[in-house]
Each structure stands twice: as structure tokens, then as C-alpha cells.
Amino acid sequence: MNQPSSEPSPSAPPTKCLSDLLAIMSRLRGPDGCPWDREQTSQSLKPHLLEEVYEVLEAIDTGKPSSLKEELGDLLLQIVFHTQIASEQNQFSFDDVANGLADKLVRRHPHVFQQTTDPASITTAQDVSRQWDQLKQQEQATQPGPQSVLQGVPKIAPALQRAFQVQKRASRAGFDWERIEPALGKFQEELNELYAAVAENIPRSPEGTLLPPNLPVQHTIEEELGDAFFALVNVSRFLRVNPEEALRRATNKFISRFHFVESQATLKGKDLRDYTLPQLDKWWDEAKHLERHVPQTSESIKGAKT
């Protein structure tokens with residue numbers, strides 16, 4: 001009887017592991033590697049890293065595990081790329097990154113790994129988040145320089161997400177209202193100030209349309225608009241809605257409906273500019289009606305949490 005072969009089947013490529021991936025990246029960056037890969041720096045890769053993050057988010061929305069798997073691989077490539085560059089400069093290696101993360105996960109979950117916390121005190125996700133923040137603050141207290149609970153929120157983050165994170169951290173430090181009503185009132189107050197700033201500073205044409213503001217007025221309007229955005233982000237936090245995600249979904253919805261309006265005009269061989277706004281609005285309402293009656297058929301992602 002023939003014994004099972006330990007060699008991989010010729011028709012099936014050997015499975016690649018993480019060490020193979022690191023070796024491939026090292027080869028690409030080597031003298032006999034790829035010219036493009038050799039020229040990259042951490043700075044030049046920043047746009048690619050951000051692009052891959054957004055593509056992962058889009059793959060999650062499609063509900064297709066195959067797409068998510070591919071995009072996560074592309075994101076992992078960026079991590080491997082950055083660590084290879086750092087390793088060449090004797091700064092740190094991929095193992096250093098992985099070990100640092102593993103140590104942090106153990107350190108920030110004492111109720112799981114160290115059993116130094118009363119298990120009865122950590123029973124919900126909110127308990128874990130509060131403990132995480134406390135441990136993080138303790139770690140930051142050992143660092144030199146002034147300390148703040150707002151440390152670590154990236155300045156380069158999207159504005160809505162940054163405002164959301166800043167407000168969450170301030171809230172965990174006790175700087176917050178207890179109910180949503182004051183947050184709603186603050187948003188209404190900022191909205192009223194925006195209305196007043198527009199009415200007082202921006203003139204109208206004889207047709208009733210707003211005229212372009214001059215630079216000093218533009219600064220005033222921008223400030224009032226920013227305050228209204230910030231107050232609305234606070235409302236979204238009380239409602240436990242991520243404002244970045246909510247706006248992204250709303251934008252996608254607008255794009256879908258606008259595409260429908262464009263398609264209806266194209267079917268008639270005309271341009272959107274050939275129609276009045278009330279005529280376009282009829283197609284817009286039709287698109288909204290179709291959304292309510294189209295069944296959701298996206299493939300669910302196994303193990304995903306809503």
C-alpha cells in the first residue's frame with residue numbers, strides 16, 4: 001500500500017506563511033528587487049495605506065468574505081512594507097511590532113490574562129472600555145511632558161471621526177452632560193448662530209440668491225459652521241452613532257439615487273441640465289421608492305458583529 005506523501009501536490013501551490021511574506025518583501029526591497037518598491041519611504045506610502053483602509057471598509061459593506069480577505073491582505077502588505085523599511089534603518093522589525101501588540105493586549109486585559117481584577121467588576125463592553133482607558137492613562141503618566149486624556153487622537157484623522165474621539169475621551173474623564181437633551185439644545189443653539197451669521201453677513205442678489213462672502217465674513221461663517229458640526233457630532237455620540245459612518249452611508253445613498261436620476265435622463269437621450277429641478281425630484285422620489293422595495297441580498301460575513 002502506498003504511504004501518503006508529505007510533499008505538497010504539484011497542482012496545489014505550497015501554503016505561504018508570514019515568514020514567507022516577510023522574505024518576499026525583503027527581496028522586493030533588495031538590490032535585485034523591484035525599482036518601485038526600493039524607492040518607497042514611509043512618507044510616500046501614506047496615501048496607499050489610507051487607500052487600503054478605505055477599501056477594507058468598502059469590502060466590509062459589500063458583505064463578501066472573498067473581497068474582505070483580499071483587501072485585508074492589501075492592508076497587511078502596507079504594514080509589512082512599513083516594517084521592512086524600519087528594519088532596514090535599524091529602527092524596529094515586524095517581530096517588534098507583533099510583540100509590542102501582544103504585550104499591550106495582555107496588559108490592557110488583566111481581567112482575562114492576569115486575573116488581578118475582580119471579575120465581577122468587568123461584565124460589559126463599557127466596563128472593558130473604561131478599564132482600557134484607565135490603564136492607558138496610567139501608562140501615559142509615566143511618560144515625560146504634560147499629560148492629557150486627549151493625547152493620542154491623531155490630528156490627521158478625518159475631522160468628524162477626530163471630533164467624535166475627542167468628545168468620547170472628554171466624556172470618560174467626566175466632562176459631559178448626563179442626558180441627550182442638553183446636547184440637542186447646544187446643537188440648536190449653534191444652528192441658530194449659523195443662521196444669524198448668514199443673515200447678518202452675506203448679502204443676497206436681487207434674485208434672492210446668496211452672494212459670495214468676502215474673506216473676513218467667510219472666516220466667521222466657517223467658524224459657526226464648524227461649531228454646528230461639532231455640536232451635531234456630540235448628538236451622534238449620545239445616540240451611539242458613529243458620525244463618520246453615518247455620513248459615509250448618507251453619501252453612498254445620495255450617489256445611488258443620483259445615478260438613478262442620471263440613468264433616467266440618459267434613457268431619454270437628454271442631459272440633466274435639460275430638466276427643471278421639480279422634474280429631477282420626481283425621479284429622485286422614484287429612486288427612494290425603489291430602495292424601500294428592493295430586498296437586501298448582500299452576503300453576510302461570518303462572525304461579523306453589528
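Which helix does Leu57 lie in? Leu57 sits in helix H3, residues 42-62; helices here are DSSP runs (H or I, at least four residues) numbered from the N terminus. The model is a predicted one, where local features need pLDDT of at least 70, side-chain atom pairs count only at pLDDT 80 or more, and totals for chains, interfaces and linings use all residues. Residues are numbered from 1 along each chain as its sequence is written, and side-chain values use heavy atoms, with hydrogens and water left out.

Leu57 comes out as partly exposed because its relative accessible area is 32%, and the label covers values between buried (under 20%) and exposed (over 50%), with a 1.4 Å probe and protein chains only. Leu57 also belongs to a nonpolar surface patch with Leu50, Val53, Tyr54 and Ile60, and together they have about 400 Å² of accessible area. Patches like this take residues with over 30% relative accessible area and no salt bridge, with nonpolar side chains (Val, Leu, Ile, Met, Phe, Trp, Tyr) joined within 5 Å. A salt bridge puts a side-chain nitrogen of Lys or Arg within 4 Å of a carboxyl oxygen of Asp or Glu. The areas come from the Shrake-Rupley method with a 1.4 Å probe.

On to the aromatic rings: the structure holds four aromatic pairs. Rings of Phe, Tyr and Trp (its six-membered ring) pair if their centres lie within 6.5 Å; planes under 30 degrees apart are stacked, over 60 edge-to-face, and the rest tilted. Trp36 and Phe81 make an edge-to-face pair, 6.3 Å centre to centre with 70° between the planes. This pair ties together distant parts of the chain, with Trp36 in helix H2 (residues 35-39) and Phe81 in helix H4 (residues 65-88), 45 residues apart. Phe81 counts as buried, because its relative accessibility is 2%, whereas Trp36 is partly exposed at 41%.

Phe254 and Phe258 form a stacked pair instead, 5.8 Å centre to centre with 15° between the planes. Both lie in helix H11 (residues 243-267), four residues apart, or about one turn of the helix. Phe254 is partly exposed at 45%, and Phe258 is partly exposed at 31%. With Trp284, these two make up one aromatic cluster.

Trp284 turns up again in the largest nonpolar core, which has eight residues, including Phe260, Tyr275 and Trp283. Such a core is a set of buried Ala, Val, Leu, Ile, Met, Phe, Trp, Tyr and Cys residues joined through side-chain atoms within 4.5 Å. H11 and helix H12 (277-293) each supply at least two residues of this core, and H12 gives the most, with four.

Definitions and conventions
Patches are made of residues with over 30% relative accessible area and no salt bridge: like charges are joined within 9 Å, nonpolar side chains (Val, Leu, Ile, Met, Phe, Trp, Tyr) within 5 Å.
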